[in-house]
Amino acid sequence: MSSITTPRLPEYGRTLRQAFRWSRNLGCWYLPHSRDHATYAPSLELLAQRLRDAGFEVTLTIDNADRRSFSDAEKEREEKAEGRAERFGGYASNAARNSETARKSSHEISERFAFGQPILIGHHSEGRARRDHARMDNAMRKSISEHDRADHWTSRAQAAANYEKFKKDPGRTLRRLDKLRADLRAVEKWQRGESAKGYSRNPDDPELTIRHEELTEEIAHWEQIIKDAEAEGVKIWSKADFTRGDFVLYRGTWYEVLRVNPKSVTIPHIHNSPGKRIVRATGNQHDDWTWTAPYDDVSGRKSGAEMQQPPQAPAAEPQEPAEQSPAVEEAVAVEEPTAAAAPASLSWLDGMALVLIASKGASRSRKRRALWAMTRREAQAVCGDPRTSGRSYMLTWTDRPGTEGADWEWVPDNGSHAPVLNELGIIPRREWTAAPQDPAAEAA
């Protein structure tokens, strides 16, 4: 087998473009991405014939009886992900410990030069001083390197820990099911001799039978995941939940439903949403533009009557408008505390702030981009949460943003921070009305 050169191997596998590889762990040649799949006989027969032509004696044995089910294979992948999370977490802890040790070592050496003692050229201490500087520099470089390594393994550990949650997320699972069902319909058409996906295949191709079996098995697995999620209280939205005139919560904004489709609802275009908490069917900048919200990306529903109900604000706590219902968009501005209405006991933290998104490398001349309006206390909680920042962006806030349009502008909210807002119990706004900077002083 080792005498066969690599250029002769890539003509195998289901796509006829995969090459066999040697595994030191298995001690044999294997076809990548073929585990837990039924054997594709034409691929092996092609390989066997090549080996016979090269002078080898080949016996071909095919046994699909020991193939694991998709559910069993997925369970093992989840267990391996848990093991990786634990292992990578250990790597991260070791790297963090090494980084701190190197930092302390560098700091201890630097204490000798705490008062800025220079290197005395020609003095007997010159050699030792230069060595100390070199050791200090090396220790600090190692500390930085180990810190970066700790960050790397922490990210890997987090990704591994989230494997099961990511795979079983209802929205992703529904989208995965749509694709698998489309693939299954295509296979069934090919088996009937019909065209699918723009081309036809031989109905007698054994690959179609194998693929049909695998798709049926995988679809059954993910359908069970959806049933389990519904049993745990997860709402799976569908066409039956909406009628025209309802309102749908899509990526943090309420939109009026214009049309109900089999897989989505038609809503006013998302370009109408900046600066608004509720987007109705008319009265928008782009009334003739529409958008579709897939059911797997929907977060809530309200009827038209519910959206027309006046807000039920507790009279004893007018300083906390964020706790009121967001159903009516006019209530967002009406309930803002004003200089005349603000009680003397209102805390500075209850004043209004604008939450901004700052991107790495953004031009200073660019207008600041605003996501929400909320109280200063809420803004501090949101911006201080580590989940609201990433490698290329961060959330910040200000209570004096300047003039809307000239200094800053609203940007669409894609809903990626909705879990954080829900956990903190914050209902953000999409309309800015500056509150008094010192409510107590203004009231006095």
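The model is predicted: local features need pLDDT of at least 70, side-chain atom pairs count only at pLDDT 80 or more, and totals for chains, interfaces and linings use all residues. Residues are numbered from 1 along each chain as its sequence is written, and side-chain values use heavy atoms, leaving out hydrogens and water.

**The sheet**

- Four strands, in the order E12-E10-E11-E13, form an open sheet with mixed pairing. Helices (H or I, at least four residues) and strands (E, at least two) are DSSP runs, numbered from the N terminus. Two strands pair if DSSP finds at least two bridges between them.
- Strand E12 (393-398) and strand E13 (408-410) stand at the edges. Each has a single partner strand, so one side of each lacks a neighbour in the sheet.
- From one strand to the next, the twist averages 45 degrees. Axes are lines fitted to C-alpha atoms, for helices over the stretch in contact, and angles run from 0 to 180 degrees between N-to-C directions.
- Strand E11 (residues 368-375) runs parallel to E13, and 3 bridges join them. Arg368 has Trp408 in E13 as its bridge partner.
- Helix H9 (residues 376-384) packs on the sheet and touches strand E10 (352-359), E11 and E12. Contact means heavy atoms within 4.5 Å. The direction of H9 makes about 125 degrees with that of E11.

- The whole structure holds 26 salt bridges. Each is a side-chain nitrogen of Lys or Arg within 4 Å of a carboxyl oxygen of Asp or Glu.
- Arg130 pairs with Glu126, with the closest N and O atoms 3.1 Å apart. The two are 4 residues apart in helix H3 (residues 126-161), about one helical turn.
- Arg130 is partly exposed, at 43% relative accessible area. Buried means under 20%, exposed over 50%, and partly exposed in between (1.4 Å probe, protein chains only).
- Arg135 and Asp132 also form a salt bridge (3.3 Å, N to O). Both lie in helix H3, 3 residues apart.
- Arg135 is partly exposed, at 45%, whereas Asp132 is buried, at 5%.

**Other salt bridges**

- Asp183 forms a salt bridge with Lys197, with the closest N and O atoms 2.7 Å apart. Asp183 lies in helix H5 (residues 170-191) and Lys197 in the loop between H5 and helix H6 (206-231), so the pair ties together parts 14 residues apart in sequence.
- Asp183 is buried, at 11%, but Lys197 is exposed, at 54%.
- A network of salt bridges links Asp36, Arg68, Glu76 and Lys80.
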